[in-house]
Amino acid sequence: MADAGIALVRRPGPRLAEGLVTHIERRPVDLGAARRQHEAYQAALRAAGWGLRAVPEADDAPDAVFVEDTVVVCGDTAVLTRPGAPGRRAEVAGTEGVVRDLGLAVRRITEPGTLDGGDVLQAGDTVYVGRGDRTNEEGICQLARLLGGRRVVSVDVRGALHLKSAMTALPDGTLIGVPELLDTSALPALRVAPEPSGAHVVVLGPDHLLLAASAPRTADLLAADGFRVTVVDIGEFEALEGCVTCLSVLVPSRPS
Ligand SMILES: NC(=O)NCCC[C@H](N)C(=O)O
């Protein structure tokens, strides 16, 4: 299997069930089931050619498994975030050590900026950044400066936790999502996902996608388009408003 790159992941900690819930009703989380689902998620990444790099566990941080929110990796640069939920800011330190080890140029979002990685969607040459619950205007401006040269487009998000809760991108850069959750005025055409969790797609390879088991109609649709689709059950993380995107940070291999 070709080496697709490195995937940062962080095992769920003992306090997972205390994770934040904003837009959905809280329901119980089964830690044992969550750990098994996380193992299966990692196995799916491995099978697609991604090497796993574990971010040190953060047992006091219930939401630390959602490692995507702590860093944005764009080319050779890793921008450490300043999560919008103050209780999640301690999660960033563990990620910093790993991105430094990978040799990435490390930058960071600073006060009064706030930014969650879940609000940052890279699609082709454009970086879409959600403005909403967790990411503010200052955070977006700082990110745009740190990624100098990339086209940054801010998108208002309403009724969803993050931009990538509402839309992601397919390998050719086209968008898929739930338009009702977004201000679509600055967006190109958005393919409508037939179910809310179909808005979250992880690009594992040029024709290979990862979706949640809760999006069977979207999986069928994309398979009919010719994509290879891998499906994982992440129900225990969905109970905490997580999705397939937020459980990893993919750092693609770069031509040497
Ligand atoms: N990028 C993501 O979608 N992250 C999910 C974070 C869920 C967590 N319970 C939170 O509210 O911060």
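The model is a predicted one, so local features need pLDDT of at least 70 and side-chain atom pairs count only at pLDDT 80 or more, while totals for chains, interfaces and linings use all residues. Residues are numbered from 1 along each chain as its sequence is written, and side-chain values use heavy atoms, with hydrogens and water left out.

Let's start with the ligand. It is surrounded by 15 residues, and Leu20, Asp63, Glu68, Arg88 and Leu240 are the closest (a residue counts as near if one of its heavy atoms lies within 4 Å). Sorted by class, this shell has six nonpolar, three polar and six charged residues; here Ala, Val, Leu, Ile, Met, Phe, Trp, Tyr, Cys and Pro count as nonpolar, Asp, Glu, Lys and Arg as charged, and the others, Gly among them, as polar. Asp63 has a polar side-chain atom 2.8 Å from a nitrogen atom of the ligand. For Arg134, a polar side-chain atom lies 2.8 Å from an oxygen atom of the ligand, and a side-chain N or O atom of His162 is 3.3 Å from a ligand oxygen atom. The protein buries 99% of the 350 Å² that the ligand exposes when taken alone (accessible areas by the Shrake-Rupley method with a 1.4 Å probe).

Where does the ligand sit? Its place is the largest cavity, since sitting there means that more than half of its atoms lie within 2 Å of the grid points. On a 1 Å grid over the protein atoms alone, a cavity is a set of points where a 1.4 Å probe fits but cannot get out, whereas a pocket is an open set with protein on both sides within 12 Å along at least five of seven lines; lining residues have an atom within 4 Å of a point. The largest cavity holds about 140 Å³ of space, a volume being the space filled by probe spheres set on the points. Of its 18 lining residues, Asp69, Arg88, Leu161, His162 and Glu241 are closest to the centre.

The largest pocket has a volume of about 1200 Å³. Its lining counts 44 residues, with Trp50, Gln122, Val203, Leu250 and Pro252 closest to the centre. By class, that lining splits into 26 nonpolar, eleven polar and seven charged residues.

Note on methods:
Polar contact = N/O pair within 3.5 Å; in protein donor to acceptor, adjacent residues only side chain to side chain.
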